[in-house]
Amino acid sequence: MAIVTCQRLEVYQHAPCGCAAPIHRRGLAAAQHLAEVAAGLHSVVLGEDQVLGQVRDAWSQAPRGDMHRIGSTAIGAARQLRKRRRLSADTGQLLDRALAHAGVPASGSLAVLGTGILGRRVVARAHELGFSQVTLAGRTPPPDVRPGTTWAQISDLESLPAPDVLVACLGEGAPRLSPDEHLPRVSRLIIDLGTPRNIHGPAAVPVVTIADLMPTAGPAIDPCRSDLRSELHDLLDARLQPILGPGSRTVGQLREHVEGLRQTESARIRRLHPEIASETIELITRSLINRVFHEPSRRLRDTDDSFGEQVAALFAPEEIS
């Protein structure tokens, strides 16, 4: 069963794999990774909304059985995290990341090549960011061009007024474009969001690509994504308890007790410090708990049930007779 998105190709199967793929994951690690992808934790834009649908649609084609059940459970955990933490970013925010990466302000004129979903979302985001003039170029105008957007035929690219920023969002079968031969003269920045790349050859201005943005997108690098990953793994553990057995059950008990303590302490902090936003208190306390208990939880899964229950009982609320 294959998951294919703009930036990834992953294959899942219910058997060991001896292929030459650069990364292999097995068992729980594979289920956790699937959940992370569906939650948008590996997307360039954290919590990007399209990837959940892409993963869900791909997994619906998997043969029924254990692999389908585990994968569906992982996707369910991803949906739960997205709802709990309100993760629903727009792919148009790739424009924000590219501008920040290049140190270019969101002002002046911008041209977008491509009328697909990504191109239209970049256009909408450009208006939100405050670009004074936005042009969308393609073969045929889409039915939902945002008001205030200038439409142009992509065959007339060279004759377009020189934009400050140009964003390429063309599909896989698009021709290779040379800045000197095919594009208008850009004054500040070219952003190539095509996969594979749309823009080839030297340019007079900096060129930012998806590859330039990807290194900062991984959960292992970004502390915020790391915390979300730990929380997601806990949600997945709880859903997989009937499949993974006692070790996972005791981890679930431990995290349930700890979460109760966190909620109580969060409520106390809100009473004592009403000047601190509730969202900030939630973020700080969840992050701290996830950092402290992630590694012990991982090790506890490998212990026997009786020992795990003893550890979980240490954090259980004391009964008052």
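A residue is called partly exposed when its relative accessible area falls between the under 20% that marks a buried residue and the over 50% that marks an exposed one. At 26%, D49 therefore counts as partly exposed. The structure discussed here is a predicted model.

**Salt bridges**

Side chains of opposite charge can pair when their charged atoms come close. The model contains eleven salt bridges. One of them joins D49 to R121, with the closest N and O atoms 2.9 Å apart. R121 belongs to helix 5, whereas D49 sits in the loop between helix 1 and helix 2, so this pair ties together parts of the chain that are 72 residues apart in sequence. With a relative accessibility of 23%, R121 counts as partly exposed, and D49, at 26%, is likewise assigned to the partly exposed class. The contact also belongs to a network, in which D49, D90 and R121 are joined by salt bridges that share partners.

R85 and E231 form another salt bridge, and here the closest N and O atoms are 2.3 Å apart. This pair links distant parts of the chain, since R85 is in helix 3 and E231 is in helix 7, 146 residues away.

In the pair R8 and E10, the side chains meet at 2.8 Å, N to O. R8 has a relative accessibility of 18%, and because buried means under 20%, R8 is placed in the buried class. E10 is buried as well, with a relative accessible area of 14%.

| Salt bridge | N to O distance |
|---|---|
| R8 and E10 | 2.8 Å |
| R121 and D49 | 2.9 Å |
| R85 and E231 | 2.3 Å |

**Pockets**

Rolling a probe the size of a water molecule over the atoms shows where empty space is left. In this model, the largest pocket holds about 1200 Å³ of space. Its lining consists of 35 residues, and those nearest the centre are V11, Y12, H24, R25 and A30. Strand 2 (8-11), helix 1 (28-39), helix 3 (66-85) and helix 7 (223-244) each contribute at least two lining residues. Helix 1 provides the largest share, with five residues. Sorted by class, the lining of the largest pocket comprises 22 nonpolar, nine polar and four charged residues.

Two or more lining residues come from each of helix 2 (50-59), helix 5 (117-129) and strand 4 (133-138). The lining of the second largest pocket divides into 18 nonpolar, 16 polar and four charged residues.

**Surface patch**

On the surface, V4, L9 and V11 form a nonpolar patch, and together these residues have about 320 Å² of accessible area. V4 lies in strand 1, which covers residues 2-5. The relative accessibility of V4 is 55%, and because exposed means over 50%, V4 is classed as exposed. V11, another member of the patch, is also among the residues nearest the centre of the largest pocket.

**Backbone features and a contact distant in sequence**

T195 and P196 are joined by a cis peptide bond, with omega at about 5°. P196 is located in the loop that runs between strand 7 (189-192) and strand 8 (207-209).

A positive phi, near 55°, occurs at R86, a residue other than glycine. R86 is part of the loop between helix 3 and helix 4 (94-102). With a relative accessibility of 75%, R86 counts as exposed.

Finally, A316 belongs to the segment after helix 10 (305-314). A316 is partly exposed, its relative accessibility being 31%. Between A316 and E256 the C-alpha to C-alpha distance is 8.7 Å, although the two are 60 residues apart in sequence.

Notes. Residues are numbered from 1 along each chain as its sequence is written. This is a predicted model: local features need pLDDT of at least 70, side-chain atom pairs count only at pLDDT 80 or more; totals for chains, interfaces and linings use all residues. Side-chain values use heavy atoms; hydrogens and water are left out. Patches are made of residues with over 30% relative accessible area and no salt bridge: like charges are joined within 9 Å, nonpolar side chains (Val, Leu, Ile, Met, Phe, Trp, Tyr) within 5 Å. Accessible areas come from the Shrake-Rupley method with a 1.4 Å probe; for residues, only the protein chains shown count as cover. A salt bridge is a side-chain nitrogen of Lys or Arg within 4 Å of a carboxyl oxygen of Asp or Glu. Helices (H or I, at least four residues) and strands (E, at least two) are DSSP runs, numbered from the N terminus. Buried means under 20% relative accessible area, exposed over 50%, partly exposed in between (1.4 Å probe, protein chains only). On a 1 Å grid over the protein atoms alone, a cavity is a set of points where a 1.4 Å probe fits but cannot get out, and a pocket is an open set with protein on both sides within 12 Å along at least five of seven lines; lining residues have an atom within 4 Å of a point. Grid points are joined across faces, edges and corners, and a volume is the space filled by probe spheres set on the points. Ala, Val, Leu, Ile, Met, Phe, Trp, Tyr, Cys and Pro count as nonpolar, Asp, Glu, Lys and Arg as charged, and the others, Gly among them, as polar.
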